[in-house]
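Me: I'd like to learn how to read a protein structure, feature by feature. Could you walk me through this one?

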Amino acid sequence: MIRLLIIAGLMLGAALSSCSESDPEAQRAEVDRIAESYVKLSLVLGQYDPDYVDAYTGPEEWKPAPLPEGEDHVIPADDIAAKADALVTELNAVNRCILTELEQHRVRFLRAHILSLKARAELVGGKKMTFDEESRALYDAVAAPADIDELDAVLAELEVILPGDGDLSARVEAYRAEFTIPKDKVDAVFTRAIEEARNRTLPHIPLPEGESFDKEYVTGVSWGAYNWYKGDYRSLIQVNVELPVRINSPLGLAVHEGYPGHHVQNVLVEKNMLNDNGWMEYTVQPLYCPQATLNEGGANLGIKIAFTEEERVAFTRDVLFPLAGLDPGRAEEYLKFETLARNLRGARTESVRKYLDGEWTREEASAFLQKYALMTEARADMYLRFGEKYRSYVVTYVVGLQLVKDYIEREAGDDTARRCKLMRELYAEPHLPSDLQ
């Protein structure tokens with residue numbers, strides 16, 4: 001026993017000596033060097049995987065030379081994976097015990113994102129993974145299987161709300177059609193919604209002066225809305241108007257893409273991680289990475305951060321319904337219906353999982369969406385096109401929301417100021433999805 005204690009003491013002493021003898025600035029410089037290499041490797045992957053780099057705000061000279069035109073370019077997946085492994089090995093050798101707690105979180109974040117980059121390169125290069133294996137490797141998240149009994153219970157409640165003959169999804173679509181915003185009023189409704197979301201967010205989550213966004217309306221895409229971050233605290237928010245826009249949609253999109261959603265997240269990251277700390281890994285924003293889980297989860301929870309339920313109902317009823325030329329007297333009825341229908345969103349992830357894993361045909365996945373997500377055939381087709389393009393990214397919406405929601409409620413309860421502080425810190429400091437569990 002005495003011998004063991006002596007050995008343990010010598011080991012602890014050696015570790016402490018190693019910490020004390022290391023130069024903190026040299027270790028920080030090493031992390032900076034690895035971060036720069038990670039960014040450059042991300043840009044290389046982006047040449048072969050056009051959706052990988054969602055935004056880049058770093059030096060122009062870091063971008064790789066364009067690939068030769070007119071040639072078929074096969075991704076050098078093995079080379080990218082080997083370089084990612086080398087960066088992880090170098091990062092593991094960093095003496096973290098002399099770094100600050102925040103810097104240690106930075107190292108963990110960077111390591112997870114390098115490994116995610118490696119997994120994405122391998123997938124693009126042809127490596128086979130199940131849906132769950134892929135989502136874990138890319139997003140540090142796995143979605144639970146859909147509970148069919150729970151979905152059926154929701155459908156039974158909706159049958160009571162919308163009684164009648166024929167298919168429930170057809171009745172739901174007919175009901176929702178009554179709350180469609182006329183095309184010439186969509187801009188006015190969305191503009192007012194994002195203005196309100198911004199006014200409710202900034203008092204609780206201050207942003208740097210000059211932050212702003214532009215908006216556009218588009219068609220021919222597989223998503224409902226998208227935030228393209230441009231750097232310098234600016235975003236371009238695009239809204240898909242190919243299919244009818246329902247009255248509940250603009251406020252949800254305004255919060256998700258704008259305030260306190262993706263625009264706020266990106267501004268906080270640029271301000272705190274890049275400009276204040278000089279952490280260059282944040283010059284690149286990969287679409288497929290663990291950060292995406294927290295980004296989508298926080299954006300989905302944003303409406304509960306910016307509005308209480310009573311405030312959301314009142315604003316939609318008293319402001320947005322009249323702007324859209326709809327009857328405010330039916331607002332509460334409709335919003336209660338959509339709140340209940342949101343309990344079916346697990347069906348969306350399940351449909352893509354079964355389809356991509358080869359358990360269902362596309363037709364079977366579409367039929368599942370039409371029955372359990374109450375989508376029209378056109379909306380089911382759009383959602384499956386999204387799944388075909390972005391694959392397991394769909395887990396970030398449901399799993400991310402649950403992670404962020406549980407974390408905020410556990411740590412802050414109903415304390416609005418505390419909830420906003422935690423939301424801000426999720427994007428002003430390095431976090432991973434597994435940190436919230």
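This is a predicted model: local features need pLDDT of at least 70, side-chain atom pairs count only at pLDDT 80 or more; totals for chains, interfaces and linings use all residues.

Me: Which residues lie nearest the centre of the largest cavity?

Reply: Its lining is made of 21 residues, and those nearest the centre are Asn 266, Val 269, Tyr 282, Val 284 and Gln 285. The largest share, five residues, comes from α10.

Me: What kinds of residues make up the lining of the largest cavity?

Reply: Eleven are nonpolar, eight are polar and two are charged.

Me: You mentioned α4. How many residues does α4 have, and how far does α4 reach?

Reply: The helix α4 has 24 residues, and from its first C-alpha to its last it reaches 35 Å, close to the 34 Å expected at 1.5 Å a residue. Just after α4 comes Gly 126, with a positive phi of about 110°.

Me: Now the core. Which residues touch the most other members of the largest nonpolar core?

Reply: In soluble globular proteins, nonpolar side chains tend to be buried together. Here the largest nonpolar core has 130 residues, and Ile 114 and Ile 247 touch the most other members. The element that gives the most to this core is α4, with nine residues. If you look around Ile 247, leaving aside neighbours within four places in sequence, you'll find contacts with Phe 179, Ile 181, Val 189, Leu 320, Phe 321, Ala 324, Leu 326 and Tyr 334.

Me: Is Ile 34 buried or exposed?

Reply: Ile 34 has a relative accessible area of 0%, so it counts as buried. Ile 34 sits in helix α2 (residues 24–48). Beyond residues up to four places away in sequence, Ile 34 touches Leu 87, Glu 90, Leu 91, Val 94, Leu 110 and Ile 114.

Me: What about the backbone? Which residues does a cis peptide bond join?

Reply: Most residues other than glycine have a negative phi, and most peptide bonds are trans. In this model a cis bond, with omega about 0°, joins Tyr 259 and Pro 260. You'll find Pro 260 in the loop between α9 (249–258) and α10.

Me: And where does Tyr 233, with its positive phi, lie?

Reply: Tyr 233 isn't a glycine, yet its phi is positive, about 65°. Tyr 233 lies in the loop between β3 (225–231) and β4 (234–240), and its relative accessible area is 14%, so Tyr 233 is buried. Arg 391 is another residue other than glycine with a positive phi, near 55°. Arg 391 lies in the loop between α16 (377–390) and α17 (395–412), and at 26% relative accessibility it counts as partly exposed.

Me: How should I read contacts between parts of the chain? What is Leu 207 in contact with?

Reply: Look past the neighbours within four places in sequence, and Leu 207 is in contact with Leu 202, Tyr 259, Val 264, Val 267 and Leu 268. Leu 207 lies in the loop between α8 (186–201) and β2 (212–218). At 17% relative accessibility, Leu 207 counts as buried, because the cut-off is under 20%.

Me: Then how far apart are Leu 268 and Leu 426 in space?

Reply: Their C-alpha atoms are 9.4 Å apart, although 158 residues separate them in sequence. Leu 268 belongs to helix α10 and is buried at 4% relative accessibility. Not counting residues up to four places away, Leu 268 touches Ile 205, Pro 206, Leu 207, Met 273, Arg 424 and Tyr 427.

Me: Which residues does Leu 323 contact?

Reply: Leaving aside neighbours within four places, Leu 323 is in contact with Lys 185, Ala 188, Val 189 and Arg 192. Leu 323 is in helix α12 (residues 309–324), and with a relative accessible area of 33%, Leu 323 is partly exposed.

Terms used: Residues are numbered from 1 along each chain as its sequence is written. Side-chain values use heavy atoms; hydrogens and water are left out. On a 1 Å grid over the protein atoms alone, a cavity is a set of points where a 1.4 Å probe fits but cannot get out, and a pocket is an open set with protein on both sides within 12 Å along at least five of seven lines; lining residues have an atom within 4 Å of a point. Helices (H or I, at least four residues) and strands (E, at least two) are DSSP runs, numbered from the N terminus. Ala, Val, Leu, Ile, Met, Phe, Trp, Tyr, Cys and Pro count as nonpolar, Asp, Glu, Lys and Arg as charged, and the others, Gly among them, as polar. The expected span of a helix is 1.5 Å times one less than its number of residues. A nonpolar core is a set of buried Ala, Val, Leu, Ile, Met, Phe, Trp, Tyr and Cys residues joined through side-chain atoms within 4.5 Å. Buried means under 20% relative accessible area, exposed over 50%, partly exposed in between (1.4 Å probe, protein chains only). Contact means heavy atoms within 4.5 Å.
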